[in-house]
Amino acid sequence: MSEWRSRFGGLKWRVTPAGVEIEGAGLARTKGEPRTMRWYWASWAPHFLAASQATSVPTALLMMTVATENGPCILEDGQPFVVPVRREPGYVDDVKTPERISVGPCHVLISTARGAMGDPSINRAWCMDRGNNILAAARYIAGQKAATGFDPVLVAAAYNAGSIRDARTQPRFASRWNIVAYGNHLDRAAAWYGDACAVVAESEALARIGRVA
């Protein structure tokens, strides 16, 4: 269990084996059973494990990232997962503006995937492969470890905004965390991380590498 921490005068939290505990509010979780996180694990376990083993990024962080970026997902048997493609403002095409299009369950920018993997030839098709997508996200998260220490809240902020920055001078990013992130990204990430820890705890195979604390 980590010590209580905060950034830029925001609320205090600490990382426990069960998830992110927020001072005065308790453990952050979504409502009810962690059905979405169980679905992600049941559907994509090999991808999470492979990326975690290749990068040393805890599996629960990868599961948190997928859920925070992609949202709830519980599909019936035979119902296909629709790979998300999001065009950011200023997008022209994949060649001219690879930094303006995010692809796949982790919403990885094509330019980010290229940088994280050290491969300028990576394209949209590569990013649409779930295993590739999760691995690129894992490498990106691993590259930010010096700033985040694999703390789930800081991982989510750096992944979403590119770095850990003070939100107090930027009203559009105002939140109880005082850390720059879009919308309620950090609240959602903390709750999904708690769900991920619960699902990780259900799997003996992940017990050694699945948690931060």
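Buried here means under 20% relative accessible area, with exposed over 50% and partly exposed in between, using a 1.4 Å probe and protein chains only. His 107 also has a positive phi of about 50 degrees, although it is not a glycine. You will find His 107 in the loop between β5 (101-103) and β6 (108-109). Those labels come from DSSP runs, numbered from the N terminus: helices are H or I runs of at least four residues, and strands are E runs of at least two.

A quick word on the source. This is a predicted model, where local features need pLDDT of at least 70 and side-chain atom pairs count only at pLDDT 80 or more, while totals for chains, interfaces and linings use all residues. Residues are numbered from 1 along each chain as its sequence is written, and side-chain values use heavy atoms, with hydrogens and water left out.

Back to the loops. Phe 150 has a positive phi as well, near 60 degrees, and is a residue other than glycine. Look for Phe 150 in the loop between α6 (145-148) and α7. With a relative accessibility of 7%, Phe 150 counts as buried.

Now step into strand β5, where Ser 102 lies. Is Ser 102 buried or exposed? At 1% relative accessibility, Ser 102 counts as buried. Setting aside residues up to four places away in sequence, Ser 102 touches Pro 84, Val 85, Arg 86, Glu 88, Val 108, Leu 109 and our opening residue, His 107. Touching, or contact, means heavy atoms within 4.5 Å.

On to the helices, and to α2 in particular. Two packed helices are described by the angle between their axes and the distance between the axes. The axes are lines fitted to C-alpha atoms, for helices over the stretch in contact, and the angles run from 0 to 180 degrees between N-to-C directions.

Let's take helix α1 (residues 35-55) with α2: they pack at an angle of about 125 degrees, with their axes 9 Å apart. That makes α1 oblique to α2. For the wording, angles under 35 degrees count as roughly parallel, over 145 as roughly antiparallel, 65 to 115 as roughly perpendicular, and the rest as oblique. The crossing of α1 and α2 is right-handed. A crossing gets that name if the near helix is turned clockwise from the far one by less than a right angle, and is left-handed if anticlockwise. Among the residues making this contact are Tyr 40, Trp 44 and Phe 48 of α1, and Leu 62, Met 63 and Val 66 of α2. By class, the contact of α1 with α2 has 11 nonpolar, three polar and no charged residues. In that count, Ala, Val, Leu, Ile, Met, Phe, Trp, Tyr, Cys and Pro are nonpolar, Asp, Glu, Lys and Arg are charged, and the others, Gly among them, are polar.

How do α2 and helix α5 (residues 130-143) pack? Their angle is about 115 degrees, and their axes are 10 Å apart. They are therefore roughly perpendicular to each other. Here α2 passes α5 in a right-handed crossing. Leu 62, Thr 65 and Val 66 of α2 make the contact with Ile 134, Ala 138 and Ile 141 of α5. That gives five nonpolar, one polar and no charged residues.

Next come helix α2 (residues 59-70) and helix α7 (residues 152-161), at an angle of about 50 degrees and with axes 11 Å apart. So α2 and α7 are oblique to each other. Leu 61, Met 64, Thr 65 and Glu 69 in α2 meet Pro 152, Val 155, Ala 156, Tyr 159 and Asn 160 in α7. These residues divide into six nonpolar, two polar and one charged.

Let's finish with the core. In soluble globular proteins, nonpolar side chains tend to be buried together. A nonpolar core is a set of buried Ala, Val, Leu, Ile, Met, Phe, Trp, Tyr and Cys residues joined through side-chain atoms within 4.5 Å. The largest one has 57 residues, and Trp 13, Tyr 40, Phe 48 and Trp 177 have the most contacts inside it. Which helix gives the most to this core? Helix α8 (residues 185-202) does, with nine residues.

Leu 186 lies in helix α8, and counts as buried at 4% relative accessibility. Not counting residues up to four places away in sequence, Leu 186 touches Val 153, Ala 156, Ala 157, Trp 177, Ile 179 and Ala 181.
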